[in-house]
Each structure stands twice: as structure tokens, then as C-alpha cells.
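Me: Please take a close look at one helix pair and at the ligand beside it. I would like one connected answer.

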Amino acid sequence: MPAPAAGKGVIERYRSLLPVTDATPAITLGEGGTPLVRMPALEERVGAAEVWLKLEGCNPTGSFKDRGMVVAVAKALEEGAHTVVCASTGNTSASAAAYAARAGIECVIIVAAAKVALGKLAQTRAYSARVIDIGSDFDTGLRLARDLSEHPGVTLVNSINENRLQGQKTAAFEIVDELGFAPDELFIPVGNAGNISAYWAGFRQYKETGEACGAPAMRGFQAAGAAPIVLDRPVTNPRTIASALRIGNPASWAKAVRASRESAGSIEKVTDDQILDAYRLLGSLGVFCEPASAASVAGLIDRGERGLMDAGSRAVCIITGHGLKDPEIADRESVGALKCSADPSAVARLLGW
Ligand code: AN7
């Protein structure tokens with residue numbers, strides 16, 4: 001069991017399970033310790049014993065990326081880096097920018113700006129990163145970021161940086177620590193495929209060290225228009241409403257396939273309509289996430305509708321990013337304001353009271 005130090009940051013909380021030493025600066029912005037919330041409405045909808053949501057949008061920059069970024073930036077500092085670089089569909093860039101700012105080093109971000117949700121780009125700029133817009137797509141950006149990281153003192157902080165996955169695995173530890181057992185199934189969106197790989201590493205490590213007696217079936221969900229792993233071939237022009245998942249050639253492809261095989265899980269696809277249905281349903285239940293995050297719940301509902309949920313199953317869905325990341329989708333997918341004069345009886349009439 002870790003030190004009961006929620007709010008202290010993942011390096012301090014899980015130090016003995018991470019690749020850090022006394023020489024690693026224990027930087028933090030308070031990442032980790034995110035809420036795990038039980039959802040009776042979803043249990044009823046899919047016919048499972050327990051459904052929990054892990055609200056990773058409650059991390060300091062609004063996504064799960066912070067858990068890995070804090071470790072990657074701390075290790076970069078330890079190694080004497082002056083700059084971190086990454087390509088991003090948005091959340092990695094916001095997180096890299098924040099932790100570089102915290103650590104006092106430079107951050108260079110490669111994006112296809114037109115394809116990044118508004119909140120993520122604004123946030124990245126607010127943290128004072130230098131943003132380079134290559135205008136094409138994520139996969140091209142990642143190749144460029146890899147090249148740039150060949151410069152001395154420059155560290156790549158995409159999830160091919162193993163320290164990222166090491167930090168992200170702490171979310172699996174938290175789930176087991178809080179529930180007191182490993183869930184039966186874990187539902188998670190898949191883009192560059194780092195997070196599913198990290199969770200699997202975390203669950204496996206807890207099983208090996210005896211902190212948990214089992215590990216969940218890992219169920220990853222790609223957007224149907226950006227589903228290279230499901231199709232078993234790269235997708236040259238990935239399309240989906242979930243901009244975070246617009247990745248045609250995931251860096252951690254092989255690791256994700258291994259996670260799904262070793263855990264007797266699956267990697268499946270959900271359509272944009274299913275993603276948006278789950279997105280609106282979650283909003284109506286008090287959980288506002290970005291579209292990519294709703295893919296996990298869309299997957300849960302899909303399996304429920306196909307009769308694949310076991311009545312005894314205890315499931316956890318990862319809600320990877322906050323709804324405010326993508327205000328344009330939120331605006332489009334919700335009911336607009338009702339226009340009325342500031343007259344109590346007129347408002348009451350409009351409300352049908
Ligand atoms: C909200 O920020 O790839 O399968 O560059 O932002 O580990 O890539 C983001 C991915 C899920 C997919 N949910 O996770 C990036 C980026 C949200 C995300 C994913 C992302 P991975």
C-alpha cells in the first residue's frame with residue numbers, strides 16, 4: 001500500500017514503484033488522487049454489478065497526461081535537459097507545457113492547430129510553451145518531434161518516452177488501492193495507445209507484488225474512423241469527432257495489442273454517434289468530459305447492448321479528459337439558452353411552471 005498522500009503528487013505517493021531516485025527532482029502540480037465515482041445509472045443500463053468512473057479530467061491540466069508528464073519532466077531535469085518537445089492532439093501539449101513551466105525549462109509543441117480542440121491549444125499557450133503549427137496531422141508531427149529530440153539537451157515527452165507510461169500506470173494503482181480489489185474489466189479510449197499499455201503495466205505490477213490478486217480484462221476503444229489497431233493496418237486520414245483520438249499509426253500499437261491479449265480483453269471500435277450519445281448521457285449524469293473520454297463509456301454501453309456484460313462484472317471506465325477542453329463540441333451538443341425578458345412570470349411561463 002502506498003503512503004496515504006493523495007494531493008501530494010504521484011512521484012511522492014508511489015516513489016518505490018517508479019523509476020525515480022533521490023537525484024530525481026520530486027516536482028508536482030498535485031496530479032493523481034483523482035475521484036473514482038460509482039454510477040448506478042450505468043449499472044442499470046448495462047446490467048453490471050458495479051460501474052465506476054475514474055475522473056482523470058480532475059488532474060491539474062484536465063487530463064490523465066499529467067501523471068506521466070510529471071515523471072517524464074522530472075527525469076528530463078535530472079538528465080540536464082533544457083527543453084522538452086512533443087507532438088500532440090492537444091492534451092499531451094497542455095501537460096508538457098505546464099510541467100515544463102513548473103520545472104523552469106523550455107517546451108516546444110508540434111501540432112496541427114486546426115485539428116486541436118480550442119481549450120487545449122489556449123491552455124498550452126497560457127503555460128507559455130512555443131507552439132509550432134505544421135498544419136498536417138499528428139503522425140507527421142510525431143516523426144518531426146522525434147527528429148528534434150536528437151538535439152542535445154532536448155527530451156521527447158510523447159508516450160514513447162517510457163517515463164510517461166511509468167507515471168501513467170499510477171492510475172491503475174489508485175483504482176486497486178481505493179476499491180480494495182482489481183476490477184473485472186477496464187474500459188479505456190485508445191489513441192496513441194500509451195495509456196492502455198500503462199494501465200496494464202500497473203495492474204500487472206500490482207498483481208506480481210501481491211497488492212492485488214487479479215487484474216482486469218483491458219477493453220480499449222478506438223473511434224471507428226481512426227481505428228488502425230482494430231483494422232490491423234495504419235489509417236492515413238483518421239477522422240472522428242473525438243479530436244484526441246485522431247491518430248492513424250499509434251506509437252504503442254504492439255504494447256496495446258499485448259495488453260489486450262495478456263488480459264483476455266479486447267480492442268474494439270465505437271462510432272462517433274455512439275461517442276456523442278455517451279457524451280450527452282454522461283453530461284446528464286453530472287459528468288462533463290471531452291468526446292474522446294466518452295469512448296470508454298460508449299464501449300461499455302455497446303457491450304451491454306450486445307449482451308456481453310456479465311451480471312457480476314465490476315467495471316471501471318476511464319474518463320481521460322475534462323469537457324472544458326472542447327467547448328465547441330459542448331456548445332454544439334447541448335441545448336442553447338432560452339431567450340426571455342427578466343420578468344419572473346415570463347420566465348415561469350417559459351419553464352412551464
Ligand atoms: C482525452 O494529447 O495523444 O491511447 O497527443 O487526450 O494513450 O494516446 C491524447 C490522447 C484518450 C488516448 N483520451 O490516449 C495527445 C494524445 C484523451 C486523450 C487519449 C488521448 P492514448
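Reply: What follows covers the helix pair, then the ligand. This is a predicted model, where local features need pLDDT of at least 70, side-chain atom pairs count only at pLDDT 80 or more, and totals for chains, interfaces and linings use all residues. Residues are numbered from 1 along each chain as its sequence is written, and side-chain values use heavy atoms, without hydrogens or water.

Helix α4 spans residues 91-103 and helix α5 spans residues 118-126 (helices are DSSP runs of H or I, at least four residues, numbered from the N terminus). Their axes come within 8 Å and cross at roughly 20 degrees (axes are lines fitted to C-alpha atoms over the stretch in contact, with angles from 0 to 180 degrees between N-to-C directions). The two helices, α4 and α5, are therefore roughly parallel to each other (an angle under 35 degrees). On the α4 side, the contact is made by Asn91, Ser93, Ala94 and Ala97 (contact means heavy atoms within 4.5 Å). Helix α5 contributes Lys120, Gln123 and Thr124.

Threonine 320 has a side-chain N or O atom 2.7 Å from a nitrogen atom of the ligand (a polar contact is a pair of N or O atoms within 3.5 Å). For alanine 193, a polar backbone atom is 2.7 Å from an oxygen atom of the ligand. Glycine 194 has a backbone N or O atom 3.2 Å from an oxygen atom of the ligand.

Terms used. Parallel < 35°, antiparallel > 145°, perpendicular 65-115°, else oblique. Polar contact = N/O pair within 3.5 Å; in protein donor to acceptor, adjacent residues only side chain to side chain.
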